[in-house]
Amino acid sequence: MTIPKTKGESSPSEESMPEIVRNDTWEDEGGEDSDNEEKENVHNVKKRKGKKDRKKPQPVSPKITNKPKRISALDSFLQASVTFASNSYLTDRGIKLLTYTLWLLSRLTERYQKNPELSPGLRKMYGDLSMVRYALRLYGLPVSIEDIRTGGSWKGWDDARIHFLGKIMAWSMAFYYPLEHIAYGGFVVPKLIRVDTEKYTAYSCRAWLIFVLSDLASTFFKLKELRKRRDVLLKSRELGDGDTARPTEEEIQKKEHDINKQIKLSRIHVARCVFFVPQVVHWSYSKWARDPLFSENVVNGCALTEAIICFYQALCSLRN
């Protein structure tokens, strides 16, 4: 490697010394030009190295968080509306509440003198929506037959009394729907379907009365079984951590939540059955139209109360 010379004033001893010609002049070929080329090469190598070391800027990825997206009240309402609209039974519950609300409004506006057509108009809407509910129940018979064949409404329950009452409920509905369909045809096209609508309505509602009483008894047995399941679940917490039969705390909490939800829905259902009974007894009477057992205010008042409870039960079932 060539050592660069130091530039400065020469000493007298160096001037008196003869010039010596070196044999290894190959080391100094190029002189200062060679040194400059070497410096330039080193500089280029460092420059290229610096370019390699220089990393391209990476795009900044958005931060991922596990926080659940907050759902607004409007979105919750729309989701519930879609759920109701896609289920015929839930749709019937919403229409039922609207039907008896219109009846109540028609009664409250009977003496409204500024608009005498208001009360009759509300009552007509109440009657028309009642016919709509008849039409929605045209789908009921296949569901009852399927329940008889598969036992879907009492599957999963251990109590034999729930199974027995479930079969009675399924068969009672299998008689209820065809009888009501005949009465519905007599209401809509009386000249085409000439039947005694009062009689067929009473027959269908007697089958419905059997269903309601069986449903009420069955719900009490279900409540009893649900409490037993909850007690067994809570006792499983007392097992040792090393016991393989012991469920995890998360599993226990989830099952307990599900059981408590079923208990709450069953209690609400008992209240519904209680308000069903006066209506069904009234319409089961063979002269319910000509000589009614209860006044319209009593029957439709119970129907409105049951509709409110029923709608609340549907909302509870949709919640987690």
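Me: How many helices and strands does the protein chain have?
Reply: This is a predicted model. The protein chain has 10 helices and 0 strands, so the elements run α-α-α-α-α-α-α-α-α-α from the N terminus, given that helices and strands are taken from DSSP runs.

Me: What share of the contacts links residues 24 or more positions apart?
Reply: Among contacts in the protein chain with a separation of 6 or more, 73% are between residues 24 or more positions apart.

Me: And how much of the chain is buried?
Reply: Of the 320 residues in the protein chain, 29% are buried.

Me: Which residues touch the most other members of the largest nonpolar core?
Reply: They are Y100, Y176, W208, V212 and W283, in a core of 37 residues. Two or more residues come from each of α4 (88-108), α5 (118-136), α7 (160-188), α8 (197-235), α9 (249-284) and α10 (296-318). The largest share, 9 residues, is supplied by α8.

Me: What is W208 in contact with?
Reply: Beyond its neighbours within four places in sequence, W208 contacts M173, Y176, F276, V280 and W283.

Me: Now V212. Where is it found, and is it buried or exposed?
Reply: V212 is in helix α8. V212 counts as buried because its relative accessibility is 2%, and the cut-off for buried is under 20%.

Me: Which residues does V212 touch?
Reply: Not counting residues up to four places away in sequence, V212 touches C273, F276, V277 and V280. The C-alpha atoms of V212 and V280 are separated by 8.4 Å, with the two residues 68 apart along the chain.

Me: C273 is a cysteine. How many disulfides does the structure hold?
Reply: The structure holds 0 disulfides. C273 counts as buried because its relative accessibility is 2%, and C310 counts as buried at 0%.

Me: Which residues make the nonpolar surface patch of about 420 Å²?
Reply: That patch is made by F187, V188, V189, L192 and I193.

Me: Where does V189 lie, and why is it called partly exposed?
Reply: V189 lies in the loop between α7 and α8. V189 is called partly exposed because its relative accessible area is 33%, and that class lies between the cut-offs of 20% and 50%.

How values were computed. Residues numbered from 1 in each chain as written. Predicted model: local features only at pLDDT ≥ 70, side-chain atom pairs only at ≥ 80, totals over all residues. Heavy atoms only, no water. Disulfide = S-S within 2.5 Å. Buried < 20%, exposed > 50% of the residue type's maximum accessible area, 1.4 Å probe, protein only. Core = buried A, V, L, I, M, F, W, Y, C linked by side-chain atoms within 4.5 Å. Helix = DSSP H or I, 4+ residues; strand = E, 2+ residues; numbered from the N terminus. Contact = heavy atoms within 4.5 Å. Patch = residues over 30% accessible without salt bridge, like charges linked within 9 Å, V, L, I, M, F, W, Y side chains within 5 Å. Areas by Shrake-Rupley, 256 points an atom, 1.4 Å probe, with all protein chains shown as cover. Salt bridge = Lys/Arg side-chain N within 4 Å of Asp/Glu carboxyl O.
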